[in-house]
Amino acid sequence: MHDEAAAYYIDMIDQTTLGHRFIKEQFNKTPRAGWQIDPFGHSAVHAYLLGAELGFNSVHFARIDYQDKGKRKRDKTLEVIWHGSHTFRSSSQIFVKAFFVHYGPPPGFHFEVNDDVVPIQDNLLLDDYNVEQRVNDFIQAATTQYQYAETWFKQMDKFIHYVNKDGRVNVLYSTPSIYTDSKYAANETWPLKSHDYFPYADREHAYWTGFFSSRPGFKRYVRALSGYYLAARQFEFFAGRRNGANTYSLGDALGIAQHHDAITGTSKQHTTDDYAKRLVVGAHEAEAVVNSALSCLVSAKSVRKCAASTVTFGQCQLLNISYCPPTEQDIPEEQSLVVLAYNPLGWTHKDTIRIPVNDSNLVVQDSLGNIVESQFINMDNVSIKLRSLYAKAYLGISLQQYPKYWLFFRASVPPLGWNTHFISKTSGKGQSVSAYLSMVESPQNQTVEIGPGNLKMSFSLSSGLLTRMFNFKTGVDVSIQQGFSWYPSSTDFDQVSSFFTSDSVSCPCI
């Protein structure tokens, strides 16, 4: 069950494709029902994807807001037709069943091996013979952490036998698809729904909304690798699978990461660590696919016919900690560092490329030899400390040196294509260089100002907070007090969580 709030829709599609392909290959079956019993609320977009795009005819789940469920129980509207798209409406509809109780069995019908339950005693010689009583209990409850299969099937087999023998209802082992087919065959009508089942609360003052932003680092990593997975698969198709490397491990890890206790950030730390480890392993294998494909494609004479290439590509997966050994090395005279930017999208993409370097006497040129405007910024102490800390943690190495500058330049990359940029030392023989070295001077007062245009913003050096905004165009000059606020969790379900601020501030405020 992938999550429906924190997961990106492309990742939902990729995960479902991977799982359904496995089911088709192993069992030659095509699922028709969604079984989303545990995600913390449900989205209309997901309903649209299941109905209009995937061809499902139903989705079944447990968690909807406790007040919504209470009203639907009273109105007998737990089953609805859901129009997931306001645009497509009935062409995107899907049958929805929200469970009458939670996704566990009703009271008295939990058959784990250590549970204190009342089993069916069907031996007439027993003093506690109770077939009629338990049949009545079952018909009144009429449903069903399933760990110990033997006890469950033993009791359910008896229930099916004796309830059918009673004759008031017909009981069988069923599936969501069989249930949905029966509902459609009965020619019933259901109310329409067009909005989300969000937010989800299971009791008063207990809204499950914190997971929208829990573990943001993990959410960002999944999102970044999702885009990388798209690009890697395209390279895998363009050049074909080579040297045994493939993108399956990354696709599998991303699929697992969409789980409603993974991308949400609600799992325990050791479980999250395992999710991240799988992603790292998958990214490493996909990196080999991309490097091999690029070496093939840049030297290919025709499609899928790779010539022997002397070009070796490397990727910098730790740029977020200012670590990229290929760009930090000294560039020999008459040679260039080649930076290739690939765009997996269907439209032109413009972005700023940022790499760590050790020399500010460099020039950037595009593939036609034109000088590209660039900027050098001194590496700050905070980045240097983070680089040393995480290089030791991730790679097990102690870095003794660090790059002096960040090199920035803009790149425009065509759809499903790449652009190359060449970085080399300036010749010093009248070569025109469009590069700037930005130096950060020590301020003489307690504030630092930024903004070369009409808008100038002042920040406090001691606190780092915004203190003033001035618009040269309009003449508006506003003093600002900035503070931080938060909602702490309440430990008492009868007490609403309170809103707190770090300081008493007067507006205008942020």
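A disulfide is a pair of cysteine sulfur atoms within 2.5 Å. By this rule the count comes to 1 disulfide.

## The disulfide

The two partners are C316 and C324, with an S to S distance of 1.8 Å. The torsion about their S-S bond is about 45°, so the disulfide is right-handed.

C316 has 25% relative accessibility, so C316 counts as partly exposed. C324 is buried, with a relative accessible area of 2%.

## About the model

This is a predicted model, in which local features need pLDDT of at least 70 and side-chain atom pairs count only at pLDDT 80 or more, while totals for chains, interfaces and linings use all residues. Residues are numbered from 1 along each chain as its sequence is written, and side-chain values use heavy atoms, with hydrogens and water left out.

## Nonpolar cores

A nonpolar core is a set of buried Ala, Val, Leu, Ile, Met, Phe, Trp, Tyr and Cys residues joined through side-chain atoms within 4.5 Å. The largest one has 31 residues. Inside this core, V222, L225, F235, L250, L254 and L279 have the most contacts. Five elements each supply at least two of its residues: α2 (44-53), α7, α8 (248-257), α9 (269-297) and β6 (337-343). Such helices (H or I, at least four residues) and strands (E, at least two) are DSSP runs, numbered from the N terminus.

Take L225 as an example. Contact means heavy atoms within 4.5 Å. Leaving aside neighbours within four places in sequence, L225 is in contact with L250, L254, L279 and A283. Another core lies apart from the largest one. This other core has 17 residues, among them V339, I353, L407 and A411.

## R215 and T272

R215 sits in the loop between β5 (192-193) and α7 (216-239). With 24% relative accessibility, R215 counts as partly exposed. Beyond its neighbours within four places in sequence, R215 is in contact with G265, T266, S267, K268, Q269 and T272. R215 and I263 are 48 residues apart in sequence, yet 8.4 Å apart in space, C-alpha to C-alpha.

A polar contact is a pair of N or O atoms within 3.5 Å; within protein, one must be able to donate a hydrogen and the other to accept it, and residues adjacent in sequence count only if both atoms are side-chain atoms. The side chains of R215 and T272 make one of 3.3 Å. T272 belongs to helix α9. T272 is buried, at a relative accessible area of 7%. Its side chain also has a polar contact of 2.8 Å with the side chain of S267. Neighbours within four places aside, T272 is in contact with R215, F218 and S267.

## Q36

Q36 is in the loop between β1 (33-35) and α2. Q36 is buried, with a relative accessible area of 7%. The side chain of Q36 reaches the backbone oxygen of H2 at 3.1 Å. A polar contact of 3.1 Å links the side chains of Q36 and E4.

Residues up to four places away in sequence are not counted in the next list. Q36 touches M1, H2, E4, H42, H46, V59, H60, F61 and A62.

## Strand pairing

Strands of a sheet pair through backbone hydrogen bonds, either parallel or antiparallel. Two strands pair if DSSP finds at least two bridges between them. Strand β11 (residues 405-413) pairs with strand β7 (residues 349-357) in the antiparallel sense, over 9 bridges. Here H349 stands opposite V413 in β11. Strand β10 (residues 374-378) also runs antiparallel to β11, joined by 5 bridges. N378 stands opposite Y405 in β11.

An open sheet of 4 strands has the order β14-β15-β16-β17, with antiparallel pairing. Its edge strands, β14 (447-450) and β17 (477-479), each pair on one side only. Between β14 and strand β15 (residues 455-460) there are 4 bridges. The bridge partner of E449 in β15 is S458.

How values were computed: Buried means under 20% relative accessible area, exposed over 50%, partly exposed in between (1.4 Å probe, protein chains only).
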